[in-house]
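I opened my notebook today to look up a few things in a protein model. Here is what I wrote down, entry by entry.

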Amino acid sequence: MFINFYTPFTSSTLLTLKSSRIGITDSVLSNSKLGGRPPRYIIFYSYKASRIYKQNISSSGGGGTVFFLHNDLHSGKTMTLLFSDTRTNARFLPRQVSDSVPFSSDKLPEILNRFSVKPKTTEAGTIRNVLEDCEIPKIKGEDKYCAVSLESLVDFVTSKLGHRVKVISTEIKTKTKLQKYEILEGIKMIGEKQVVCHKLGYAYAVFMCHTIDPTQAYMVPLMGSDGSKVEGVAVCHMDSSDWSPEHYAFQQLRVKPGASICHFLNIAVLVWLQN
């Protein structure tokens, strides 16, 4: 999905879209047919957090291709993939409200109390996970930020890319399953500078947004063994030298840190590019 902004992009621009209930806010950022919370897909952006790799592989279905080498991004290549829809119904809080709500792991008891969540419940664990994930240290070449309001997301994106931007996401026309996909002709490199935002499972809408250099983004046409078509967004990290040596990608691909490693993004992940 492409959304283009041909006029300078500011917080007020996006708030206008929000108030009119059209465009990016309802079509991409926050609406969903799913009511549950998403699995903890931190595997795609906390490359130092080896303690939760196995948890993420199991929660994402396992058995499929999670990572692949940059050299394998070509037509005719087949991979077993699952394009999950991990969006939730959670909506952004207004900035004046979100700024008054604590968002740090050392304030967890206060946060649970505010949202009437009992300690030692699954919901409390989900909130704790998000807070801890947002506090994981950055890696070399990375800048990241957890946006807790629509305005703060816009501010981070425009601080990195300027005010003329577009946003894309993986596009799936029909519900998909874990199956073999073939990469078709027509791969397009869409940018070497992007902000990737992952929606997290929290009491309200929170997006983990980050940039990692050097990185390349691609639109990749795929066809499943059942005939279903996907326009997938793939991100390739051209230097993995600062990743944990225990990272699952190195185990799966049997390569060492430093290799150029790619992965596809699910529907709930937004990729912002300069327009």
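Does Phe83 count as buried or exposed, and at what relative accessibility? I found that Phe83 counts as buried because its relative accessibility is 5%; buried means under 20% relative accessible area, exposed over 50%, and partly exposed in between (1.4 Å probe, protein chains only).

**Ground rules.** I am reading a predicted model, in which local features need pLDDT of at least 70, side-chain atom pairs count only at pLDDT 80 or more, and totals for chains, interfaces and linings use all residues. Residues are numbered from 1 along each chain as its sequence is written, and side-chain values use heavy atoms, with hydrogens and water left out. Helices (H or I, at least four residues) and strands (E, at least two) are DSSP runs, numbered from the N terminus.

**Rings.** I looked up aromatic pairs next: rings of Phe, Tyr and Trp (its six-membered ring) whose centres lie within 6.5 Å, called stacked if the planes are under 30 degrees apart, edge-to-face if over 60, and tilted for the rest. The count comes to 10 aromatic pairs. One of them is Phe83 with Tyr181, which is edge-to-face because the planes stand at 90°, with the centres 5.4 Å apart. Phe83 is in the loop between β3 (78-81) and α4 (95-98), while Tyr181 is in strand β7 (residues 179-183), 98 residues apart. Tyr181 is buried, as is Phe83.

Phe83 also pairs edge-to-face with Phe264, at 5.7 Å centre to centre and 70° between the planes. Phe264 sits in strand β13 (residues 261-264), so this pair ties together parts 181 residues apart in sequence. Phe264 counts as buried too, because its relative accessibility is 7%. I noted that ring pairs link Phe68, Phe83, Tyr181 and Phe264 into a cluster.

**Disulfides.** How many disulfides are there? I counted three, a disulfide being a pair of cysteine sulfur atoms within 2.5 Å.

- Cys134 joins Cys146, S to S 1.9 Å. The torsion about the S-S bond is about -90°, so this disulfide is left-handed. Cys134 is in helix α6 and Cys146 in strand β4 (residues 142-147).
- Cys197 joins Cys209, S to S 2.1 Å. Here the torsion is about 115°, so the disulfide is right-handed. Cys197 lies in strand β9 (residues 194-200) and Cys209 in strand β10. Cys197 is buried at 0% relative accessibility, and Cys209 is buried at 0%.
- Cys236 and Cys262 have their sulfur atoms 2.1 Å apart. With 105° about the S-S bond, this link is right-handed. Cys236 and Cys262 are both buried.

With the bonded cysteines numbered in sequence order, I wrote the pairing as 1-2, 3-4, 5-6.

**Backbone.** Most residues other than glycine have a negative phi, and most peptide bonds are trans. Which residues did I note with a positive phi? Ser116 has phi near 55°, and Lys120 has phi near 65°. Ser116 is in the loop between α5 (108-114) and α6 (122-134), and Lys120 is found in the loop between α5 and α6 as well. Ser116 counts as exposed at 66% relative accessibility, and Lys120 counts as exposed at 89%. I also found a cis peptide bond between Asp213 and Pro214, with omega about -5°. Pro214 lies in the loop between β10 (206-212) and β11 (215-224).
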